[in-house]
Amino acid sequence: MKGLFFLGLTASSLGFAQTQNTDSLKTKEIEAVNFTKRLPVAKEIINVQRDLDRRNLGQDLPILLKNQTSIISTSDAGNGVGYTGFRIRGVAGRGINVMMNGVPFNDSESQGTFFVNVPDLTSSASQIVIQRGVGTSNNGVSAFGASINVISKDPEDQFYVKTDDSYGSFSTYKYSAEVGSGKFWNNKLSLMGRYTHIQSDGYIDRASSRLNSYNFTALFEEGKTRIRLMAFGGKEKTYQAWNGIDRKTWETNPKFNYSGQYTDLFTGEEKFYDNETDNYRQNHYQLLWEQNFNDNWHLETTFHYTKGKGYYENYTRVDEENQEEDAIHYSNYNLPVPIIDGNPLLQTDFIRKKWLNNDFYGVVSTLYGKFENLDLNFGAVANQYYGRHYGNVTGVYLPQIAEYEYYRGRSVKNEVAGFAKALFRVNDFEFFGDLQLRNIDYDTKILLAGDGEGANLKKNWLFFNPKAGVNYRIGNGKIFLSYAHAQREPNRDDLIANNNVKVEKLHDFEAGFEKQLGKVSLTANLYYMYYVNQLVLNGELNNVGAFIRTNSGESYRRGIEIGALAKLSKQWEVSGNVSLSQNRNQDFKMANKKVIKDLGNTQISFSPDIIANLGLNFTPNKSFLFSLMNQYVGKQYLDNTENKNLQLNDYLLTDFNAQYQFRISNNDIALKLLVNNIFDKKYVNNGAVYSGQPYYFSQAGINFMFGISWKIQ
């Protein structure tokens with residue numbers, strides 16, 4: 001329906017089925033989505049063209065999803081371009097299983113999701129499926145807060161040329177060109193290609209982004225066979241902004257960025273290194289084969305390969321404060337303390353580059369069976385990750401040192417997994433069962449020791465994850481109950497920091513309600529997530545800006561999520577969602593100078609008790625759309641101690657969005673305006689802890705993006 005409000009509270013994203021043609025191969029990915037709609041899990045299914053396109057003006061996908069249920073989005077640069085992330089139900093990105101067309105996207109070692117590597121991903125997506133909690137079995141790591149599947153769009157049937165261009169605050173601009181061939185070769189083949197460039201200075205000082213991305217899709221259809229070849233990816237260069245700033249600096253100069261700061265050894269002048277940057281290129285290749293065998297059985301198999309390579313560069317110094325520490329510091333670079341004129345040189349500077357060179361490849365396959373009262377779903381996956389970690393260093397001052405390699409390691413991670421799902425209908429009941437088995441082998445070795453990088457480890461995990469649930473139909477709605485068990489391996493950083501780190505385990509209980517009442521759509525979901533050895537963020541960052549995690553023993557997250565969409569008239573629509581939760585560590589213990597301190601029951605870090613969104617949508621006619629979006633986020637803590645000094649205040653944000661669409665001959669044109677934080681609220685939605693003190697990641701005040709979309713067909 002044209003003009004629906006796009007906060008994620010349309011009928012589709014609330015989980016209500018809409019009429020779809022599922023008979024043709026053209027919509028088999030929609031059939032898989034419809035299967036998900038029927039499952040007894042908390043979910044949102046987002047139509048990208050209808051729900052996100054109006055504000056897709058250059059900001060990353062986590063920012064575009066910020067008003068979905070239980071989501072908080074973050075941005076290192078403060079304006080949603082560059083390094084961004086999200087948390088769902090308080091769980092950070094490493095606990096969220098992200099897939100691209102069913103292919104795992106999380107980095108195999110860090111388990112992180114780096115959307116900066118695939119800029120403008122939203123422009124090539126058709127639907128985004130979000131399952132909160134454990135959800136159902138998918139490919140990739142287990143979901144400990146949510147799973148997200150980004151489904152790519154297909155080439156269109158007719159030839160077209162499209163451009164999307166935008167400009168806004170902080171010298172941010174985006175230009176994108178896309179072309180589709182339409183069907184040719186006896187209507188069997190169609191092609192589509194897109195290229196995007198995004199550039200921004202960022203709200204934070206020097207937090208610049210230079211992003212390029214591409215997508216190429218070829219679709220072949222004949223009879224019961226459908227084959228898609230996809231190549232997509234991007235290249236990013238971002239100035240580092242992952243350190244944050246202390247409270248005093250935030251109060252007086254919130255845009256300040258410590259990254260790259262140093263004192264010139266000769267002049268004593270404070271300077272900033274101009275290439276304190278992160279540089280990475282990632283290319284994804286997917287071959288998706290869909291085969292209908294008959295009216296009952298359908299097979300989808302994907303062969304995939306992802307190549308990633310890049311480095312971050314930074315300026316580092318050996319100081320003269322402690323000679324013993326300096327000797328250790330020099331040895332980290334496999335160097336002796338240099339002697340100049342008979343005296344040890346206890347102060348010098350280096351430029352270092354830490355490299356990643358990764359290959360990830362494998363096959364995922366899903367077999368769908370559809371009978372009168374029974375739906376079946378069988379999945380299998382086999383993947384291998386091969387990663388190389390190495391670092392180069394260059395001496396800046398005396399002694400002059402040419403660039404050389406000072407550490408190297410390699411990692412291999414193999415995964416073989418399978419699942420079986422069944423949905424069985426008996427009158428108004430639907431019974432759901434889901435069994436998953438995962439086997440993971442991880443082997444990492446140090447090939448050249450230096451800078452404390454890497455470890456010699458060999459680990460194996462075997463996980464059995466059962467799930468079950470039931471739906472009860474009530475007219476055009478339903479109520480459901482479900483239980484899911486999940487287990488998850490630690491990531492590379494967890495293992496290197498503590499070889500005895502424990503596997504996470506989760507018991508997830510969900511009860512939900514979905515109902516269409518005239519012009520009002522309602523959803524409600526109760527959840528209780530009981531964790532054993534949950535890896536929670538302790539507030540501290542490692543040397544590449546990633547949060548350090550620690551096992552918290554027993555803990556839980558419980559709450560209620562409510563969503564509503566009301567069509568007040570042909571012109572007016574109101575929508576909203578609210579998440580009320582309790583997120584607690586039980587008998588939490590913290591090591592402090594080799595002393596174990598028992599803190600009792602404490603609130604889990606980065607887990608506010610309330611997240612609420614409210615939107616108003618006005619469409620005076622078919623051409624115009626005006627929207628107001630409001631988000632309220634309650635207070636949250638930077639660590640697990642409930643120290644009031646380490647607390648982020650609550651905040652309320654309001655964004656405005658407008659669009660004007662018109663047609664000239666065969667040209668479809670849309671003018672778009674997005675104004676974020678229209679009341680210029682000074683706020684922080686992310687932070688860290690350094691030496692017991694809070695550090696903040698400042699977010700931009702009022703800022704705007706204006707864009708034009710032009711499509712010729």
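How many bridges join strand β4 to β5, and do these strands run parallel or antiparallel? Two bridges join β4 (residues 96-100) to β5, and the two strands run antiparallel.

This is a predicted model, in which local features need pLDDT of at least 70 and side-chain atom pairs count only at pLDDT 80 or more, whereas totals for chains, interfaces and linings use all residues. Residues are numbered from 1 along each chain as its sequence is written, and side-chain values use heavy atoms, with hydrogens and water left out.

**View 1. Confidence along the chain.** The protein chain averages a pLDDT (the predictor's confidence in each residue, from 0 to 100) of 90, and 93% of the residues score at least 70. Over residues 1-29 the pLDDT stays under 50, and the model has 110 contacts (heavy atoms within 4.5 Å) beyond four places in sequence for this stretch. Residues 322-326 also have a pLDDT below 50, with seven contacts beyond near neighbours in sequence.

View 2. The bridge partner of M99 is P104, in β5.

**View 3. L229 in strand β12.** L229 lies in β12 and is partly exposed (between the limits of under 20% for buried and over 50% for exposed, with a 1.4 Å probe and protein chains only), having a relative accessible area of 44%.

Technical notes: Two strands pair if DSSP finds at least two bridges between them. Helices (H or I, at least four residues) and strands (E, at least two) are DSSP runs, numbered from the N terminus.
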